[in-house]
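Subject: Structure for your files

Hello, the structure we discussed is below. My notes on what was found in it follow.

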Amino acid sequence: EVTVNYRHGLPVITLTLPTRSERCRFTVKPMVTTIGAFLRDVQREDKGIERAEVFATDGSKVSDATLMEVLLMNDFKLVINNTAYSVSPPVKDKLSSEHATEMEDIKSLVHRLFVALHLEDHQVRKERELLQKLDHLKEELLPLEQMKARIMDSADAKTSRLLWVGLALMSTQGGALAWLTWWVYSWDIMEPVTYFITYGSAMAFYAYFVLTRQDYIYPDAKDRQFLHYFYRKSKKQHFNVERYNKLKEDLAEAEESLRRLRQPLHLRLPIQEINDKD
């Protein structure tokens, strides 16, 4: 005969070992132990057991990977060697709502005690790991930052020169039109010329919008030209912009993690509560 009883909340399966002819108890953890693990424990206890299998009441074999918690929900058959035992697990009493609430409170208290005892050591180790990561990222970023600074200075200088060249061309154009109007020709002759120059400028601005999908605003145009020079210079000097941006993102993430880790150390609060507040 195979019996199943519950002791201290855990199922205890009692059966007779065929070779030793004595009763033996097996305490299983239903949410962890599988049928295969239980059968192996039985075979280790009695070396004379050559066959140990579990079948459902309809005769179908139950997989060894099935958890004991699922098996103990219904009746089943335990076959040891050539003997089949019908097993009827008792129905486990469900906890009352009041008792269940009390158990949850106890679990919460145990969790808080564990956090209070072990959180500080965990945070210290985590802080040390983050500091090492920050140092490593800063070492990698240092030569890239220096290269980026040189490239930005060069791009900014070229952009400034381009702006001054544009101002010089516009001044030259204005002076030439004034000279042609007052000293060479008259306004009657120069008026169509200035009209077509204005119309040509409008066409140039419209072409800029068609190509860039942006209005020709001087600060935006300056930034666009700066980026053009920056990426062209970066390509020539083999400056990996994507790698630089990835390192900057990792650095910002590590600094944010360190800030969040140090905050509960100062406030003496668990990290979970801080996450809830965020």
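Around Val54

Apart from neighbours within four places in sequence, Val54 has contacts (heavy atoms within 4.5 Å) with Ile35, Leu39, Lys61, Val62, Leu71, Phe76, Lys77 and Leu78. This is a predicted model, in which local features need pLDDT of at least 70, side-chain atom pairs count only at pLDDT 80 or more, and totals for chains, interfaces and linings use all residues. Residues are numbered from 1 along each chain as its sequence is written, and side-chain values use heavy atoms, with hydrogens and water left out.

Val54 is also one of the residues that touch the most other members of the largest nonpolar core, together with Leu15, Phe38 and Leu78; this core has 24 residues. A nonpolar core here is a set of buried Ala, Val, Leu, Ile, Met, Phe, Trp, Tyr and Cys residues joined through side-chain atoms within 4.5 Å, where buried means under 20% relative accessible area (1.4 Å probe, protein chains only). Its largest share, four residues, comes from α1. A second, separate core of 18 residues includes Phe230, Tyr244, Leu258 and Leu261.

Helices (H or I, at least four residues) and strands (E, at least two) are DSSP runs, numbered from the N terminus. Strands pair if DSSP finds at least two bridges between them. An open, antiparallel sheet has the strand order β4-β5-β6. β4 (52–56) and β6 (83–87) are at its edges with a single partner strand each, so one side of each is left without a neighbour in the sheet. Five bridges join β5 (residues 76–80) to β6, and Ile80 stands opposite Thr83 in β6.

Key:
Buried means under 20% relative accessible area, exposed over 50%, partly exposed in between (1.4 Å probe, protein chains only).
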